[in-house]
Amino acid sequence: MSNRPVVVLAEELSPATVEALGPDFEIRQSDGTDRPKLFADIADADALMVRSATTVDAEVFSHAKRLKVVARAGVGLDNVDIPAATEAGVMVVNAPTSNIVSAAELTCAHILGLARNISPAHQALKAGEWKRSKYTGVELQEKTLGVIGLGRIGGLVAERMKSFGMEIIAYDPYVTSARAHQLGAQLVTLEELYAKADVITIHMPKTPETVGMLGTEQFKAMKPSAFVVNVARGGLIDEEALETALAAGEIAGVAVDVFATEPSTDLPFFTRENVVVTPHLGASTSEAQEKAGVSVAKSVRLALDGELVPDAVNVAGGAIDALVRPGIPLMEKLGRVLTALSSEAFTDIETEAAGEIAEFNVSALQLAALKGVFTDVVNDPVSYVNAPVLAEQRGISTRLTTTSEVEDYRNALTIRAATSSGTNLEVRGTLTGPKQIQKIVGINGYDLEIALTDHLVVFEYADRPGVVGALGEILGAHQVNIAGMQVSQNTREGRALAVLAVDSALPAGVLDTMSAEVDAALAAEVDLEEN
């Protein structure tokens, strides 16, 4: 048996995908359409990679207790149950940018095909008919292209069609005028776009608001000479309204690659000569397929290395700056320290990032803090994915705060918590030096500085002579070596906090003995050793 993490490929993926995974994993081929075989193959799997044919639902997760990540080698995620994955603590990743060039190029091909009647002329000639005069087309130069959705694909289409001498107008409520200007486009309202565009191409996500957004009223508002292209999502065009508009001559033609229900092979408008349809070919290039596989293979590697994958679809976050990334494992350990300091349930958890780091997106630090808080108190695996769910299920309020103000350190990370009895706890840490050494620099208002090691012991007690010696004597009697120690005093209240870094876990009962010896108000053992 191999000790390497198991990655199950439920569908055929490119050799480049397997190569991108590398030699560190046991690769297991399965058949995602054969449920019993899939269940057997994923029983001990760490990762599952699919395309579109495999349905990944709650039943799949119930058979894969070790599963950490599901990777969809493509853009769409209709076949993956995201809520079920989140509940199971399984990260879901896809390849959102893998097909953008392919989809943009297909859009441009459809625009050219409509303008020059390539499809009907081709079919007529193959049928033995020379209809040169019937299929007179139009030039695109000096015509107006209306782009609905000026995102990654819409932007590429705009750039490419600009080279044909087209005027580009666009509608996108989330794009600035400056960005549109970079792409050579002018932002307009939808009404202006429908009235002015000679060619309309839509590149919007499928949401309740966008389903059927090109319907009866919109077709009536377009030029009778206008062409419409949809290579984005099925359902954005009201297919009944499209047939009516074509029959009434309200638009000149349409090219469609995606449909409300797929596969679709006999929609009424398929028989029309001014209609070009393709069977969802937007991502169907060898380059796009390879990009998708390689992209998600890299995400799988990150996930199985315990890293937070920035573009995971069920993890709130975003790009993680290089300055933020070292704080993720530190914050997770601080969360585990916080849990060790209390035997009560938490009702409120605040994560704070202070210093230069506050200028960046630090949402990943909150995920790491929550993951650390629950790691040692929940029987099921805790991940960056389900940690926020665990907090919500327990009624714990969470918040993330940032500040540029920090004393003594370049950056400081803090977790604060309130317990059900009203007790407040705080653990503060930082990273120091070229090696970014993880340190605790504060506990419950006591200032100190001690490296985070695998085994820590924390005591708070009435400050008096002999305490340190008594603690050392007990540890020595049980053959536990002290690797480091910090004592912080609260002279106003006559109390002190000691943090001891020890070489091994304490034998059973030793913590209680030490606590009784010094009459500790707080006694905790923190075990951060990797299992």
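Reply: Strands here are DSSP runs of E with at least two residues, numbered from the N terminus. This is a predicted model, with residues numbered from 1 along each chain as its sequence is written. Local features need pLDDT of at least 70, side-chain atom pairs count only at pLDDT 80 or more, totals for chains, interfaces and linings use all residues, and side-chain values use heavy atoms, with hydrogens and water left out.

The peptide bond that leads from glutamate 262 into proline 263 is cis, with omega near 0°. Most peptide bonds are trans.

Rings of Phe, Tyr and Trp (its six-membered ring) pair if their centres lie within 6.5 Å; planes under 30 degrees apart count as stacked, over 60 as edge-to-face, and the rest as tilted. By this rule there are 2 aromatic pairs. One of them joins phenylalanine 259 and phenylalanine 270, edge-to-face, with 5.5 Å from centre to centre and 65° between the planes. Both phenylalanine 259 and phenylalanine 270 sit in the loop between strand 11 (253-256) and strand 12 (275-277), 11 residues apart.

For the wider setting, the domain assignment (automatic or from a database) gives domain 2 as 99-277 and domain 1 as 6-97 + 287-305. The centres of domain 1 and domain 2, taken over C-alpha atoms, are 34 Å apart. Contact, meaning heavy atoms within 4.5 Å, involves 5 residues of domain 1 and 6 residues of domain 2. The two domains bury about 500 Å² between them, 52% of it on carbon and sulfur atoms. Buried area is the accessible area (1.4 Å probe) that two parts lose on being put together, summed over both. On the domain 1 side, Val75, Thr97 and Ala288 lose the most area to domain 2, and together they make up 72% of what that side buries.

Between domain 1 and domain 2 there are 0 salt bridges, a salt bridge being a side-chain nitrogen of Lys or Arg within 4 Å of a carboxyl oxygen of Asp or Glu.

Key:
Helix = DSSP H or I, 4+ residues; strand = E, 2+ residues; numbered from the N terminus.
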